[in-house]
Each structure stands twice: as C-alpha cells, then as structure tokens.
Amino acid sequence: QVQLVESGGGLVQAGGSLRLSCKAIGRNFGLSTMSWYRQGSGKQRELVATVTITGSPNYAEPVKDRFTVSRDVARNTVYLQMNSLKPEDKAVYYCNFNQRPAPWGQGTQVTVYS
C-alpha cells in the first residue's frame, strides 16, 4: 500500500517562508517525476511544481522565483521551499507521482495572513 505523507505546513505572515516535505512510503520514487499540487478552498487542485528524475524543476507561473522544489532519493522525500509567501498561496498542498499516481495523501495546510 503506497502512502504519501505531506508535512511542514502552518500559519505564516505574508513574506514569510515554509518548507514542505512529502515522504513516499511503500514505493521508491527514484524512477518517477514528482509533483506538488495545491487546492484552495472552493477551487480545483492545481499543479505547483515538478521535479524530474534528474532533479530538473518546473514551476507554475504564480510561484516562479519564489518556490523551489527538490528531492532526496535516499530519503524518498520531495521538498518544496516556499519563500515570499502571499495570501493567495493559502491552500492544502499535496504531492504525487507523475507516473501511476498514488492515492492522495492528507496534504498539509498552508495559511498566509497579511
């Protein structure tokens, strides 16, 4: 049974930073592109950032130059460093495999106040 466990969210003032983690349990993500997504209240889930097998990142336009995605293959964990947070970044953040997505984890809540 594959599990995705996200953590690191919290309440932060606008302009602040958070570092999210996502650990994959029961499946090695070393051979898969991984992505971070977010879902705001009343909104559809949207793609935030992607990191390939070789570590190459891609970002959605709203988070470019503010967020950094990375992966630690030894820890089977993917990270999302979020800087210069804005109130519109408020959402539940999730990660998943790009190839053969696993069941969604519980996500981690990020709340940004101004």
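**An aromatic cluster and its surroundings**

Modeller: In this predicted model, ring pairs link Tyr37, Tyr94 and Trp104 into a cluster. Residues are numbered from 1 along each chain as its sequence is written, and side-chain values use heavy atoms, with hydrogens and water left out. As the model is predicted, local features need pLDDT of at least 70 and side-chain atom pairs count only at pLDDT 80 or more, while totals for chains, interfaces and linings use all residues.

Biologist: How many aromatic pairs does the count come to?

Modeller: Rings of Phe, Tyr and Trp (its six-membered ring) pair if their centres lie within 6.5 Å; planes under 30 degrees apart count as stacked, over 60 as edge-to-face and the rest as tilted. By this rule, the number of aromatic pairs is 2.

Biologist: What is the angle between the planes of Tyr37 and Trp104?

Modeller: Tyr37 and Trp104 form an edge-to-face pair, with 5.2 Å centre to centre and 85° between the planes. Tyr37 lies in strand E4 (residues 34–39) and Trp104 in the loop between E9 and strand E10 (108–113), so the pair ties together parts 67 residues apart in sequence; strands (E, at least two residues) are DSSP runs, numbered from the N terminus. The angle asked for is 85°.

Biologist: Is Trp104 buried, partly exposed or exposed?

Modeller: Buried means under 20% relative accessible area, exposed over 50%, and partly exposed in between (1.4 Å probe, protein chains only). Because its relative accessibility is 39%, Trp104 counts as partly exposed.

Biologist: What is the centre-to-centre distance between Tyr94 and Trp104?

Modeller: Tyr94 and Trp104 form an edge-to-face pair with 75° between the planes. Tyr94 is in strand E9 and Trp104 in the loop between E9 and E10, 10 residues apart. Centre to centre, the distance is 5.8 Å.

Biologist: Which charged end sits over the ring of Trp104?

Modeller: A charge sits over a ring if NZ of Lys or CZ of Arg is within 6 Å of the ring centre and within 35 degrees of the ring normal. Over Trp104, the charged end lies 3.9 Å from the ring centre and belongs to Arg45.

Biologist: Which residue stands opposite Arg71 in E8?

Modeller: Strand E7 (residues 67–72) and strand E8 (residues 77–82) pair in the antiparallel sense over 6 bridges; two strands pair if DSSP finds at least two bridges between them. E7 and E8 form a hairpin with 4 residues between them. Opposite Arg71 stands Val78.
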